[in-house]
Amino acid sequence: MTSENPFGQVLVALVTPMTADGEVDWPGVEKHIDHLIEGGADGIVVTGTTGETSTLTDPEKIRLVEVGKDVAAGRAKIITGGGSNETAHAIELYKHSERIGADGIMIVTPYYNKPTQAGILTHFRMVADATDLPVILYDIPGRTGVPIKYETILRLAKHPNILAVKDAKGDFSEVSRVLNQTDLMYFSGDDANVLPHLAIGATGLIGVTANIAPAPYRTIVDAVNRGDLATATAAHQQLEPLVRATMTHVPGTVAAKYILHGLGRISSPRVRLPLVGPEEWEAALIEDEIDHVQGIPGVDFHNFRPDRNAAAGGALPKVAGTTR
């Protein structure tokens, strides 16, 4: 990490470990973050999509930043994701995160409202104005309903706090255009396309599958940095069946927790409603993909013991969702 890149390169979109009744498992959070940093992550994105931000309360989101900072102890950056589709609410969340030590913020395009590009531009600018933290824009039209259009990205690139984009849009030609015309950094937001993104100039990744296996992503990034395409490609190919298992059959959060629990890395695979654990046929597909995973550093699938019963259904926590 440098003054030009305050985020790092291998960033994990953190799952939020929970107990069987859907409460945040705080010791589990600490253990999981520590394991990821030891495995090569140099940034942790808490309270993002993968962290179930839409069903976390604001106090839980703030505590995740605090716990992340305590566990990281300077070894990795803690970036707070999520935000809100209400600009005023997003501003308050990010200002609070800054006060307690977050190293950066990742702002998702306002969802559900389906704002115009002028509304998106204003939302991002006002949030970026409200803190001194470096900003990653999160472009994921498949979830938000609207893309950040190319022209809007160019305008946002002029803001001094907006330094990067997490791209889950998958338009590689647009990524190249933006990289050619701005100083923005790009982070791959699609686990299957990390190496292609890096190959055209992206800085790094913010990955879901990295919850399970951060070390191969460290290998890919370091290999690309030194121009070693063969090593990067080999690690990419090794990861492919695990990425398919995690990202194809159910939401990434659900699959990642199912796999992490089967590996004994978290105490429960529980997710909060409306997310639910994989159905029998979905679990079977995930397990079939896992059978093709071989030799990934830091992950031993010989001891993989998935528990479909423990994963079934979803939880209603004691305190309801996102609150002010």
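A cavity is a set of points, on a 1 Å grid over the protein atoms alone, where a 1.4 Å probe fits but cannot get out. Its volume is the space filled by probe spheres set on the points, with grid points joined across faces, edges and corners.

This is a predicted model: local features need pLDDT of at least 70, side-chain atom pairs count only at pLDDT 80 or more, and totals for chains, interfaces and linings use all residues. Residues are numbered from 1 along each chain as its sequence is written, and side-chain values use heavy atoms, without hydrogens and water.

**The cavity**

The structure holds one cavity of 30 Å³ or more. The largest cavity has a volume of about 50 Å³. Its lining residues (an atom within 4 Å of a point) include Thr47, Lys61 and Tyr94. Three residues of the lining come from α3, the largest share. Helices are DSSP runs of H or I, at least four residues, and strands are runs of E, at least two, numbered from the N terminus.

| Helix | Residues | Supplied to the lining |
|---|---|---|
| α2 | 58–72 | at least two residues |
| α3 | 87–99 | at least two residues |

The lining has three nonpolar residues, five polar and one charged. Here Ala, Val, Leu, Ile, Met, Phe, Trp, Tyr, Cys and Pro count as nonpolar, Asp, Glu, Lys and Arg as charged, and the others, Gly among them, as polar.

**The barrel**

Eight strands form a closed barrel, β1-β2-β3-β4-β5-β6-β7-β8, with parallel pairing. Two strands pair if DSSP finds at least two bridges between them. Strands β7 (residues 185–188) and β8 (residues 204–207) run parallel, joined by two bridges. Ser188 has Leu205 in β8 as its bridge partner.

Terms used: 1 Å grid on protein atoms, 1.4 Å probe; cavity = no way out; pocket = protein on both sides within 12 Å on 5 of 7 lines; lining within 4 Å.
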